[in-house]
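Visitor: I have a model open and want to learn how to read it. Where do we start?
Guide: With the picture itself.

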Amino acid sequence: MTAVDDRPEAKPTKSAEIGRARRRKEDQRLITGRTKWTDNIQLAGMLHLAMVRSPLAHATITNIDTEEAKSAAGVVTVFTGADIADIQGVNITAWPITADQKTPDHLPMPLDRVAHAGEIVAVVAARTAAAARDAAELVDVDYDALPAVLDLKEAATDAVLAHPALGTNKSAFWQLDSKEGGTGEDVDDAIRQAGIDGIVIEREYRQQRLIPAFMEPRSTVVDPTGEQVTMWSATQVPHILRFCIAATTGLPESKIRVIAPDVGGGFGGKLQTTPEEFVTLAVARKLGRPCKFTETRSETMISAHHGRDQWQKLTLCAKKDGTVTGLKVELMADLGAYAAIVGGGVPVLGAWMFNSIYKFPAYRFNTTNYYTNKTWVDAYRGAGRPEATYAIERLMDELAAEVGVDPLEIREKNWITHEEFPFTTVAGMTYDSGNYEAATAKAKELFGYDELRAEQQQRRDSGDPVQLGIGVSTFTEMCGLAPSRVLGSLNYGAGGWESASIRMLATGTVEVITGTSPHGQGHETAWSQIVADRLGVPFENVEVLHGDTQIAPKGMDSYGSRSLVVGGEALVLAADKVIEKAKVIAAHLLEANADDLEFAEGTFTVKGTDKGIGLTDIALATFAGHNLPDGAEPSIDADATYDPVNFSFPHGTHLCAMEVDTETGATKMRKYVCVDDIGVIINPLIVEGQVHGGLVQGIAQALWEGAEYDEQGTLVSGSFVDYTLPTAADTINFITDHTTSPATSNSLGTKGVGEAGTIASTPAVVNAIVDALRSRGINDITMPCTPERVWNAIQSAGANQSEPTPAEVQPHFQADSTNQDDPGATTQGAGQ
């Protein structure tokens, strides 16, 4: 863990803050219980809501009897979809990926048909939350069950339709072809040639469905009683939410205020505009009273959007020596019951990342998106890039095995070298900077790669029942959704810009207003560091305001690792404008020519003299307005909006050692090392937390997590009893480090970090498990790699069928969180 320097006597100097491991400003109120979650909000006369949800995956609503519920103690009323149809709005799709995409209407509360279990069919308003929940049990709903399609491959046959009116389950087909795009050769020709004198590898991988398990369940409070309608919501996207409400309900945008108070995590799971937000708003407007809805954890899991859920078929071709010549990707993506706000585009985001860090001459990517009668799917930490990285990194291990070389050797043979940056890939992306060699060399050293390979061979030679596997994942990702023109060309419904304002207050403090909306990332701290450095003011004197559309009226919010690389750059532009405006006034006060002034460490000085004036003194003089240049306005405040010129491309090398008990299928993580290159680091302590949290989420997909439905469409993993979320006790002490290749697309040189750990870790873990068992003829295990699945794979590969089942065998090790290479190491939890 990086040491923290919080010395109060440390005075601000040039670049004193950027790169400093400061503790987060936000943590004091969080750890002392003085924060304000949405569910903490109490308003006079407020009613509490409970949602009545369909238990069926697909059905017609034939009747809803609300009379008994309405007469229950404490109940004010009960509404059905018909009661709020005129004002409830609609959940919109912001990214129709093709002009002919089929998109079913997604009403917050359907009128006559439900398309997935958990869909809202009625809402109870009562004086207490308990009364509302009790009365919800009294609402009697009659359904006529309809056939439900639950399997993705069955959905592709159209034998059963998720939405009969559409006539098909297919939402859209989207393709990127290097030959047609002019960035590469014909992939079919490359595969045919490799079939003659090279190597062709075809694999199919399953990306299981995951549930974003944020700490704070979603919650919404609406107050319709003032001049504006005010909504508090546990959301990642207050600005987008306000726009969607205005666009679909008829409320003027100027009459809507959305506030995201402290938000307890999101991981993409709170970037949705949710049915619950729209229903709460409609009920509050109907009754003219404040209303609150806070979901239970089981409601979160059944109705908040899910992530991943793809079948991936890949064909890789190469020369006999392992030089790659082509890659073809065919995806089937499950959207669930509806096209979410960017759900249809999530598979598309992977299109530019399957080629990863490798120099493929030919490439084609296809995705076909389908509807099923399951919970809708949208972005989950990484959004398309983890899926792509998993597939290509699994496939590169397969190529190494086919050629008979070390997995790192096959990657080095094919990756972009540091001398080749900037590099335009076969998918058309221009990677601006990177050094895969440096990150890999450092990771190998920290991991003890050669020593662990030697131990692995010794275990194989001795027939040890506990085999050692080493997993490799070398990755890059595109993050910081950008530029707006590029997004427009993809039919994305919004821009990639971000906004910031800086207010120089007369007393010497600074207010920063950002359009980004944090939910655990540490923006208040990191943004203070950026502004403190740029303006030369004390870190403690910077206050960051966010998450309120009335205080920060412009913004595109936080997701996709965009906040720093886009929002941080907007801060820099605003700070530079402050300096330029202050320079004019400084020149007047110093009786000097503005061209003769220098600005450093918060002070303007006349070149060659000790005559100067501080920025905060200028702020006070401007406030007074007594002695300003003719025509100058009495303000040095500034606004800026930044539209990035490119995505940012962090990268890294992750190495994982896994022990696999071949008699029980149990797995145990022995060691994990990651070296990430995220450009210039603003706060190492925050970065380390982000990396640790990301690692655990990616490892959890590999080993534990998976949303499972039964044949009727009921989510059977609808609680933490059945959905296996890891705790700190399930992980080990990770070894993290970094290399630095500054981004050239922004002045800070930063790249995204929030999703890096999740993107890279999943294939590293699975590659390690498969590596431990490859000598037994095993080249894949479907995630999550539970002991049962590992054991079954061993049996299917030809082990003695009379061997005992895992339950009958004493395991060779117990599952714990001890790092065998560092017995005294402490565990690290799931981070942020």
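Visitor: Which are the buried residues of α14?
Guide: Tyr-449, Leu-452, Arg-453, Gln-456 and Arg-459 are the buried ones. An α-helix has 3.6 residues a turn, so residues three or four places apart point the same way. Here, the buried residues of α14 fall within an arc of 120 degrees seen down its axis, so they line one face of the helix.

Visitor: What does the face turned away from the buried side of α14 carry?
Guide: Exposed residues: Asp-450, Glu-451 and Asp-461.

Visitor: What covers the buried residues of α14?
Guide: The cover includes helices α12, α13 and α20, and strands β18, β26 and β27.

Visitor: What is the order of the strands in the open sheet?
Guide: Strands of a sheet pair through backbone hydrogen bonds, either parallel or antiparallel. This sheet runs β18-β26-β27-β28, with mixed pairing. β18 and β28 stand at the edges with a single partner strand each, so one side of each lacks a neighbour in the sheet. β27 and β28 pair in the parallel sense over five bridges. Val-673 stands opposite Ile-735 in β28.

Visitor: Which strands of the sheet does α20 touch?
Guide: α20 packs on the sheet and touches β18, β26 and β27. Its direction makes about 145 degrees with that of β18.

Visitor: What is the average pLDDT of the protein?
Guide: This is a predicted model. The average pLDDT is 93, and 94% of the residues score at least 70. Over residues 1-14, the pLDDT is below 50. Residues 799-804 also stay under 50.

Methods:
Residues numbered from 1 in each chain as written. Predicted model: local features only at pLDDT ≥ 70, side-chain atom pairs only at ≥ 80, totals over all residues. Heavy atoms only, no water. pLDDT = per-residue confidence, 0-100. Contact = heavy atoms within 4.5 Å. Buried < 20%, exposed > 50% of the residue type's maximum accessible area, 1.4 Å probe, protein only. Helix = DSSP H or I, 4+ residues; strand = E, 2+ residues; numbered from the N terminus. Arc of directions from axis to C-beta. Pairing = 2+ DSSP bridges. Axes fitted to C-alpha atoms, helices over the stretch in contact; angles between N-to-C directions.
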